[in-house]
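We will go from stop to stop, picking residues and looking at what surrounds them.

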Amino acid sequence: MPRSRTTLAEDLAVARVVAPDLAERAARVVERMGDPRAVSPLPGWRASDVAVHLGLACTAYAAAVAGELEAGRWDAMVPEHPDLAQRVAVLNATTLASAAPDEYLAVPGQIRAAAATLVAALGKREPEEPCSIPWFGADAPLPVAAVAGLFLSETVLHTLDIARTSGQAWTVPPKIARLIISLTYPETIPRTVDASRAANLHAAVRIHVRGGVTLGVDIDGTRVRTHRDPPPGRTDCHIWVEPAAFVLTASGRTSLARQIAAGRMISVGRKPWLAPVIARLFAHP
């Protein structure tokens, strides 16, 4: 399977180029979403809830890259809990509960404005510069590249949720999926480990993304380390993935079995059976 070994800086530069068009297309889907009370694919969320969350997420991640995120405001809504998924769940519930009934109407403008802020800010930042994101932990900043990737991820995935709810066409472009994986997953994988499932697992895994990076994931119980395009070494399982399939599976928007059956995720190596085990270890926000 062919690969393209781009650097993190090169991928971040591409993200800066594609963000405005992605945001514009997403804004148009939100504008055409129809019934705001329609039930979305996300449990307990209506279409308007998804839209409001999307607007908040895009605005927050763009502000973080620009160094303008109001940490005090967010700190008050983020619970002290060791699990990232729990912190995010409480934060989402709190922000949606306080949203005005018609707040979703402002979302298209928020998405467009956030993309403009992100693009301007990325022109002044280096990929590895730290950004404080309260729900990821005050003492665990993310690099700028990862935050830009989260902007892309929130935009493409929640627009998909809205499109599915309202019967609109929307796909996850492989190019965008490759950027999300390259920019974000090396940082989010170690932070989203399911401790109960990883406790007794010890493995060296390589995830090869078609047309993109290879992610090395070294698991020693709950201690997980990632490597972008790692050098050759002992590997228990090689997993070859189509980028969009990987992003959709990691975010819970398609089933692992379906992607394996379609040939979009293939595992080889000494322990190929590790692939589905690995897939259940992490929950990407």
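What follows is a short walk through some helix pairs, a pocket and a loop residue. Keep in mind that this is a predicted model.

**Stop 1: α2 beside α5**

Start by selecting residues 47–65, which form helix α2, and then residues 107–122, helix α5. The two pack at an angle of about 20°, with their axes 8 Å apart. Angles under 35 degrees count as roughly parallel, and α2 and α5 are therefore roughly parallel to each other. Look along the pair and you will find that α2 passes α5 in a left-handed crossing.

Now show side chains at the contact. From α2, pick Ala51, Val52, Leu54, Gly55, Leu56, Cys58, Thr59, Ala62 and Val65. Facing them from α5 are Val107, Gln110, Ile111, Ala114, Thr117, Leu118, Ala121 and Leu122. Colour this contact by residue class and you get 13 nonpolar residues, four polar ones and no charged ones.

**Stop 2: α5 again, now with α6**

The α5 side of the contact consists of Ala114, Ala115, Leu118 and Leu122, and the α6 side of Val144, Ala148 and Phe151. By class, there are seven nonpolar residues here, with no polar and no charged ones. Leave Ala114, Leu118 and Leu122 highlighted for a moment: they take part in the contact with α6 and also in the one with α2.

**Stop 3: α1 and α7**

Next, select residues 8–31 for helix α1 and residues 174–191 for helix α7. Their axes are 10 Å apart and the packing angle is about 135°, and that makes α1 oblique to α7. α1 passes α7 in a left-handed crossing.

The classes here are nine nonpolar, one polar and two charged.

**Stop 4: the second largest pocket**

Switch to a surface view and centre on Ile239, Phe246, Met265, Ala275 and Ala279, the lining residues that lie nearest the centre of the second largest pocket. The pocket holds about 260 Å³ of space and is lined by 19 residues. Which elements give two or more residues to the lining? They are β6 (237–241), α9 (243–250), α10 (256–261), β7 (265–268) and α11 (274–279). α11 gives the most, with four residues. As for class, the lining has 16 nonpolar residues, three polar ones and no charged ones.

**Stop 5: a backbone detail**

Finish by selecting aspartate 229, in the loop between β5 (223–228) and β6. Check its backbone torsions: phi is near 50°, a positive value in a residue other than glycine. Most residues other than glycine have a negative phi.

Conventions
Residues numbered from 1 in each chain as written. Predicted model: local features only at pLDDT ≥ 70, side-chain atom pairs only at ≥ 80, totals over all residues. Heavy atoms only, no water. Axes fitted to C-alpha atoms, helices over the stretch in contact; angles between N-to-C directions. Contact = heavy atoms within 4.5 Å. Nonpolar A, V, L, I, M, F, W, Y, C, P; charged D, E, K, R; others polar. 1 Å grid on protein atoms, 1.4 Å probe; cavity = no way out; pocket = protein on both sides within 12 Å on 5 of 7 lines; lining within 4 Å. Points joined across faces, edges and corners; volume = space filled by probe spheres on them. Parallel < 35°, antiparallel > 145°, perpendicular 65-115°, else oblique. Left-handed = near helix turned anticlockwise from the far one by under 90°.
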